[in-house]
Amino acid sequence: MSTETDDRDFWDAEAERFDDEPDHGLRDPRVRDAWAIRLRSWLPDTPSDVLDLGCGTGSLALLAAESGHRVTAVDSSTKMAARAREKLTGTGARVLVGDAARPPVGADRFDVVLVRHVLWMLPDPAAVLRHWAALLRPGGRLVLVEGRWGAISPVGITAAALADLAAPLGGRLLVEQLGHDAALWGREVDDERYAAVLTPPAPTRHREIVDVHLLLLRDDEVLLARRSGTGYADGLLHAPSGHLEDGEDVRSGMIREAREEIGIELSPDELSVALVMQHRAPNGAARIGWFFTARHGSGGEPVNREPDKCSELGWYRLDALPDDMVAYCRAGIDAYRDGESFLLHLHRDGDPIAYDPAGPGRAVPLSRSAVPGSGT
């Protein structure tokens, strides 16, 4: 069985004669021009960051650099990388030694990942494609030059097989057949050779629901409502709350929810911000919760205005809260009571929705920065 060391030794041994192949060394001006024209059509029109993986002696990397692109080239063979470094001298390109499947580029992101005749050799090409796509900036592209070579014992990957591997990534895949263009290979060829340009969809911008929660206080007590008939956390206690509507600010949303749920008419100056919390439910859905306080008597006496969603209202001591509460709400009230202003409450898969006094604590207070010059 071949090992990574065997592969590196093989390509180290090949480095001296690698450029003898017309499409590797591009020594013939006609072959070089043919690749330069094709490469320009696959790469962005404006100077971009290009990552050339399995770069060999750097011939394609050099064409990209000469077109004004900022090139990073990677090869697992130290001798190949050395020859690429020589070829790219004066272009500003950097050449790294590393695995094409997991290139040593850290957190860098690229406009193009360029790979020629590499994917077919890797043991898990689907996983490799996912990793390469993750190296792209939004709007970036993978440029994959591959083929299926040989008649008796063919090797490589067909365009159809590559399309199947790329399908889970989504986006747009354009395949350009290259076997008919003898200028690219320095001779006539009769096997399948192609370029596939894959532009994955731009990542979805992070979005979270925003909800508001009212801590209506009566001396040392807080008003809680028992959920009923909603299909979520029914039977558990929770503060009067709800989601923001489109275009609504958090304070207006809190005033509206207080009116709809417990029938009180709060004015803006009767509300104070108690806490802001990022919460993640056990199923992974996330939201930002704004907790407000108001005093009993503000806006009238609370009544149950939504009996189809709430079975009862009750007052509960802040220092002796019941256990049958929604964990999210309980974490917010506990943090408020402890004087915290910002909180993470991130459930893990399998965590209960209900507060569990014996369960793991998921609340993580976030410290506030001191105000310069205030001493606090």
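**Notebook: aromatic rings and a surface patch**

I searched the whole structure, which is a predicted model, and found seven aromatic pairs.

I looked up tryptophan 11 and phenylalanine 18 among them. Their rings are edge-to-face, with 6.3 Å centre to centre and 80° between the planes. Tryptophan 11 is partly exposed, at a relative accessible area of 25%. Phenylalanine 18 has 14% relative accessibility and I noted it as buried, because the cut-off for buried is under 20%. I also noted that Phe10, Trp11 and Phe18 form one aromatic cluster.

Next I took phenylalanine 291 and tyrosine 328. This aromatic pair is edge-to-face too, at 6.2 Å centre to centre with 80° between the planes. I checked where the two residues sit: phenylalanine 291 is in strand S14 (residues 286–295) and tyrosine 328 in helix H10 (residues 327–337), so the pair links distant parts of the chain, 37 residues apart. Phenylalanine 291 counts as buried at 0% relative accessibility, and tyrosine 328 counts as buried at 5%.

I then looked for charges over rings. Arginine 116 lies over the face of tryptophan 35, 4.9 Å from the ring centre. Arginine 330 has its charged end over the ring of tyrosine 355, at 4.1 Å from the centre.

Trp120, Met121 and Val155 make a nonpolar patch of about 230 Å². I located methionine 121 in the loop between strand S4 (110–116) and helix H6 (125–134).

Conventions
Residues are numbered from 1 along each chain as its sequence is written. This is a predicted model: local features need pLDDT of at least 70, side-chain atom pairs count only at pLDDT 80 or more; totals for chains, interfaces and linings use all residues. Side-chain values use heavy atoms; hydrogens and water are left out. Patches are made of residues with over 30% relative accessible area and no salt bridge: like charges are joined within 9 Å, nonpolar side chains (Val, Leu, Ile, Met, Phe, Trp, Tyr) within 5 Å. Accessible areas come from the Shrake-Rupley method with a 1.4 Å probe; for residues, only the protein chains shown count as cover. A salt bridge is a side-chain nitrogen of Lys or Arg within 4 Å of a carboxyl oxygen of Asp or Glu. Helices (H or I, at least four residues) and strands (E, at least two) are DSSP runs, numbered from the N terminus. Rings of Phe, Tyr and Trp (its six-membered ring) pair if their centres lie within 6.5 Å; planes under 30 degrees apart count as stacked, over 60 as edge-to-face and the rest as tilted. Buried means under 20% relative accessible area, exposed over 50%, partly exposed in between (1.4 Å probe, protein chains only). A charge sits over a ring if NZ of Lys or CZ of Arg is within 6 Å of the ring centre and within 35 degrees of the ring normal.
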